[in-house]
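Please take a moment with the sequence and the structure below before reading on.

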Amino acid sequence: MQEVYLDYNGSAPLDPRVAEAMWGQMTGAVGNASSSHRFGVRRAAAVDDAREQVGALVGAAPSGVVFCSGATEANNLALVGLAEAAPAERNRIVVSAVEHASVREPARWLLEQGRAKLDVAGVTPGGWVDLDELDSLLGPDVLAVSVMAANSETGVLNPVAQAAEQAHAAGAVLHCDATQMVGRLPFDMAAEGADLVSLSGHKICGPTGVGALVGTRSVLGRLHPAVHGGGQERGLRSGSLNVAGIVGLGAAAAICAGEHSVKAAAVGGLRDRLVAGLRGALEAVSENGDTTRRLPNTASIRFADADAEAVVFNMDPVAASVGSACHSGAIEPSPTLLAMGLSREAAFETVRFSLGRFTTEAEVDAAIPQTVAAVRYVRSMDGGGAR
Ligand code: PMP
């Protein structure tokens, strides 16, 4: 059977047009982008173009783009950078309960280090942040609110603009991890009221290991640097620039900006075809999260009485992912699904399918019977259900 890749939210394949743009920098170009000779100047010009392309994807000025190694670093720079430079009377951070580990963990680290206080805003059963609860947590001591644009496991979209309004009313900064949103649906940070936005190359068919924190001039000016050294990237992230990666991120952003309105509808159609095929063939299939407000490429599906790890293992060579993460050897259910009110059992029975630009109808049609067979097999085993 052919391999089918349905894990775009984990990492999306590199677009050949991006690879071509990068190739030019990897083979034909030489020099450090900070050097003043002609070789360096050419490299810096390529970086400037990418800065414009990435800014344009999220409606920001090129000068607001800080290149870094990916969304994990961008999220760390946002939260730790703000907290390190904050006045003592503004030392509380509020994050939603469904944030990625790269937001949750730096926030928890700041708390453990005594550098910030932390509150977590719950989510509705549909999976988006509960705005009443968020509002009740805000006050004059809140430094930052972090609410992601779209959840990586369910695809559910958050009310970022309303969260930003509430955060601003309390005098806090709104950070938005838009890693799964950008490139899939239009996202304009000014319209959303986001002050800091994180994004990553490999989620938008660009290279892995490059991303950006995009911010308004005033908020970027308030951040403490993540990496100290030669002062690159507004002094926030020193180090010689990864020009090929940055050019790849820029090319990926430009392709997304030009294509996402058409692609979103096509990918949404394929995702719905997949879900309908699975529902048609199997009993007890349900979707997690509000299906009326989510990314077009994602489906979080519970196959009752079938352990998701076992299903994914038996689906090979069709690739999807489980909502659970392995921490020091112990498998834990997804905090996102638990925060939405799912039982541990339901979380352990959930498989995430995420499609993308290169997914075809033939691939979806091949994935359906393979998944159905895997679920049936796992259900037929003794104790097929989740632990
Ligand atoms: N935020 C979200 C919502 C993500 O889905 C991911 C990647 N799974 C990250 C941050 C981390 O991105 P990166 O791999 O670029 O560090």
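Contact here means heavy atoms within 4.5 Å. By that rule, 28 residues of domain 1 are in contact with 34 residues of domain 2. This is a predicted model, in which local features need pLDDT of at least 70 and side-chain atom pairs count only at pLDDT 80 or more, while totals for chains, interfaces and linings use all residues. Residues are numbered from 1 along each chain as its sequence is written, and side-chain values use heavy atoms, with hydrogens and water left out.

The domain assignment, whose bounds come from an automatic or database source, gives domain 1 as 4–12 + 259–385 and domain 2 as 16–255. The C-alpha centres of domain 1 and domain 2 lie 28 Å apart. Between them the domains bury about 2,700 Å², with 53% of it on carbon and sulfur atoms; buried area is the accessible area (1.4 Å probe) that two parts lose on being put together, summed over both. On the side of domain 1, H260, R293 and L295 lose the most area to domain 2, and together they make up 25% of what that side buries.

A salt bridge is counted when a side-chain nitrogen of Lys or Arg lies within 4 Å of a carboxyl oxygen of Asp or Glu, and across the interface of domain 1 and domain 2 the rule finds one. R17 forms a salt bridge with E259, their closest N and O atoms being 3.0 Å apart.

Helices (H or I, at least four residues) and strands (E, at least two) are DSSP runs, numbered from the N terminus. Helix α2 (residues 38–57) packs against helix α9 (residues 243–281) at an angle of about 35 degrees, with the axes 8 Å apart; these axes are lines fitted to C-alpha atoms over the stretch in contact, and angles run from 0 to 180 degrees between N-to-C directions. Among the residues that meet are R43, A46 and V47 in α2, and V243, I246 and H260 in α9.

Two places in the backbone remain to be visited. A cis peptide bond, with omega about 10 degrees, joins D316 and P317, and P317 is placed in the loop between α10 (308–315) and β11 (318–319). R234, although not a glycine, has a positive phi of about 60 degrees, and this residue lies in the loop between α8 (217–220) and α9.
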